[in-house]
Amino acid sequence: VQLQASGGGLVQPGGSLRLSCVVSGDVFLINDMAWYRQAPGNQRDMVAVINNDGGARYAESVQGRFTISRDNAENTVTLQMNGLKPEDTAVYFCYAHFADIASMVERDWWGQGTQVTVSS
């Protein structure tokens with residue numbers, strides 16, 4: 001079981017990026033899925049979270065600019081980021097809470113992180 005994130009890169013201020021994360025392997029009932037980010041010297045902070053009914057909430061700093069979505073059939077979570085600002089620069093991590101079939105124990109799972117750099 002693993003989470004594989006993709007879609008990071010370098011973009012100019014005001015630009016857009018789309019991050020995707022797929023959960024692969026034998027899993028059972030993925031609950032919350034989310035994106036976190038961590039800038040150098042800072043803690044890892046929640047950016048957006050979505051439950052398995054599609055209810056979403058966002059960090060105040062990204063409200064109105066970022067949109068999180070998920071595809072329960074494909075076990076994917078996506079973060080559409082518009083109006084990017086230099087302060088959005090960070091490593092972005094996908095997150096999911098679920099049990100793998102092997103253990104049937106619910107726990108937190110993390111992807112490997114993808115760099116997003118907003119700079120002119």
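**View 1. Surface and overall dimensions.** The protein exposes about 6,300 Å², and carbon and sulfur atoms supply 46% of that area. Accessible areas come from the Shrake-Rupley method with a 1.4 Å probe; for residues, only the protein chains shown count as cover. This is a predicted model: local features need pLDDT of at least 70, side-chain atom pairs count only at pLDDT 80 or more, and totals for chains, interfaces and linings use all residues. Residues are numbered from 1 along each chain as its sequence is written, and side-chain values use heavy atoms, with hydrogens and water left out. Along the principal axes, the C-alpha atoms fill a box of roughly 45 × 25 × 20 Å.

**View 2. Strand content.** The protein has 12 strands and zero helices. Both are DSSP runs numbered from the N terminus: helices are H or I with at least four residues, strands are E with at least two. The radius of gyration is 14 Å, close to the 14 Å that the globule rule gives for 120 residues, so the protein is as compact as a globular protein of that length. That radius is taken over C-alpha atoms; the rule is 2.2 Å times the number of residues to the power 0.38.

**View 3. The open sheet.** Four strands form this sheet in the order β1-β3-β9-β8, with antiparallel pairing. β1 (2–6) and β8 (66–71) stand at the edges with a single partner strand each, so one side of each is left without a neighbour in the sheet. From one strand to the next, the twist averages 15 degrees. Axes are lines fitted to C-alpha atoms, for helices over the stretch in contact; angles run from 0 to 180 degrees between N-to-C directions.

**View 4. The β1 and β3 pair.** Five bridges join β1 to β3 (residues 17–24), and the two run antiparallel. Strands pair if DSSP finds at least two bridges between them. L3 stands opposite V23 in β3.

**View 5. The largest nonpolar core.** This core has 30 residues; W35, L79, M81 and Y92 have the most contacts inside it. Such a core is a set of buried Ala, Val, Leu, Ile, Met, Phe, Trp, Tyr and Cys residues joined through side-chain atoms within 4.5 Å. The largest share, five residues, comes from β10. Buried residues (under 20% relative accessible area, 1.4 Å probe, protein chains only) make up 39% of the 120 residues.

**View 6. Around M81.** Leaving aside neighbours within four places in sequence, M81 is in contact (heavy atoms within 4.5 Å) with G15, S16, L17, L19, R65, F66, Y92 and V116.

Terms used:
Buried < 20%, exposed > 50% of the residue type's maximum accessible area, 1.4 Å probe, protein only.
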